[in-house]
Amino acid sequence: MENTIITTAAAAAAIPMWQALSLTCILTWVFVASSLNLTQRIRSMVQPWVARRVAADVPLILRIQRLNHGLLDNLFSALSCVVSVSFYTGFLPLLFWSGHCKLGRQMTILMAFCDYVGNAIKDLVSAPRPSCPPVRRITYTKDEKENSLEYGLPSSHALNTVCLSGYMLHYILTCTRESNSTIFTVAFAIVVSLVLLTGLARIYLGMHSLIDVLAGVIIGLSILGFWLVVHGHIDDFVVSGQNVTSFWASLSLLLLFAYPKPEFPTPSFEYHAAFDGVAFGIISGVQQTYLQFHNEAVPRIFSEQMPLPVFIGRVIVGIPAILIVKFCSKALSKWMLPVVCNTLGIPIRSSCYLPALKVSDDDKKKSDCKQSGYLQKMFSFISPQESYDVDTGIRFLQYAGLAWSVVDLVPSLFSYLRL
């Protein structure tokens, strides 16, 4: 009995107070926001004003679109792809494999933060995009067609460009041994030009109004300023903190429940769930293998230890490997999660991944008559729903597995192949 008490006390002491306090605050916020229906209250105050501003910006959008030219269509469409979440998601593995591990994990966490804040505000406000027609909406790629299904304010492209290019500028200037005003001026001008072109592109393509872009830039600058203050503490926690994996798993779960419910379903929550999984996979993998593959002494690209052919070999080996892991983790999650949820008595449904779990009206009535288990009551306390979409968990685990392979499995392959 005494040994049990000592073990329990030691386990409690191993959990830092700030971790318990932060998770408790998020859980309290979820309960309070749900009880007071804060999402609807905030939306009713903000949405009408934003909708009026979007409608007032239509003449400006039409004037910009009078520049109609195929070259501009292709240029701005390509620019939107370059600064999209999909591009950065493909770019992040290259940072880790090229030896810039600190930049890779910082960009990953920052992107997850930006993605959550931007998409949460979109669905909280649920403001419309510019009406089409009269605005001409140009969506050449699949990503752009899916983006057009989201709400408007703020512009995620503008927000992400400000944060990620701004942090990249900070990283480059920090790594430069000698301060050079010319380098700073040129780099700063490039970042500002990229932000301005991105904002112009979103308006020209008919995806956003001026108020959406301005909101994205302002929110992006606020996040960037906050991140430059805390990024060092966060990185120290990821590489050498206590309870890193368990804390981040708990945080990821609570953030899924803390996400505001939109007026109508959009892909925004799916994007958040996916990148939430990416951040968790990167953090858990780095925390386990930091001393082996991700410390500051690892070889970097263009050095004697990692010439360009070696890096190209890493890319050739790494990309197929992470795609295989993504496929396998998705298949495993589709099989495992429904079994676990049914065993624990958690009611689930599926919107697309598992057709057998799509819920009809009759099934809903039957599920209402079933007695709730203890775990179902606990989830209902956090977020009262009749059932939970298992696709969210599948998507989270799928991308967590992909991200883990980027920083753990694939570097192990590199070590085995002497790359």
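Begin by selecting Asp 73 and Arg 136, whose side chains meet in a salt bridge at 3.5 Å, N to O, a salt bridge being a side-chain nitrogen of Lys or Arg within 4 Å of a carboxyl oxygen of Asp or Glu. The pair links distant parts of the chain, with Asp 73 in helix α5 (residues 70-82) and Arg 136 in the loop between α7 and α8 (142-147), 63 residues apart; helices here are DSSP runs of H or I with at least four residues, numbered from the N terminus. Asp 73 counts as buried at 5% relative accessibility, while Arg 136 is partly exposed at 29%, where buried means under 20% relative accessible area, exposed over 50% and partly exposed in between, with a 1.4 Å probe and protein chains only.

Before moving on, note that this is a predicted model, in which local features need pLDDT of at least 70 and side-chain atom pairs count only at pLDDT 80 or more, whereas totals for chains, interfaces and linings use all residues. Residues are numbered from 1 along each chain as its sequence is written, and side-chain values use heavy atoms, with hydrogens and water left out.

Next, select Glu 296, which forms a salt bridge with Arg 105, their closest N and O atoms being 3.9 Å apart. Glu 296 lies in the loop between α13 (268-294) and α14 and Arg 105 in helix α7, so this pair ties together parts that are 191 residues apart in sequence. Arg 105 is buried, with a relative accessible area of 2%, whereas Glu 296 is partly exposed at 44%. Salt bridges that share partners join Arg 105, Asp 235, Glu 296 and Arg 300 into one network, and the whole structure holds six salt bridges.

Now turn to the aromatic rings, where eleven pairs are counted; rings of Phe, Tyr and Trp (its six-membered ring) pair if their centres lie within 6.5 Å, and planes under 30 degrees apart count as stacked, over 60 as edge-to-face and the rest as tilted. Select Phe 113 and Trp 227, whose ring centres are 6.3 Å apart and whose planes stand at 40 degrees, so the pair is tilted. Phe 113 lies in helix α7 (residues 101-125) and Trp 227 in helix α11 (residues 210-240), so the pair ties together parts 114 residues apart in sequence. Trp 227 counts as buried at 2% relative accessibility, while Phe 113 is partly exposed at 28%. Finish with Trp 18, Phe 237, Phe 247 and Trp 248, which form one aromatic cluster.

Notes. Helix = DSSP H or I, 4+ residues; strand = E, 2+ residues; numbered from the N terminus.
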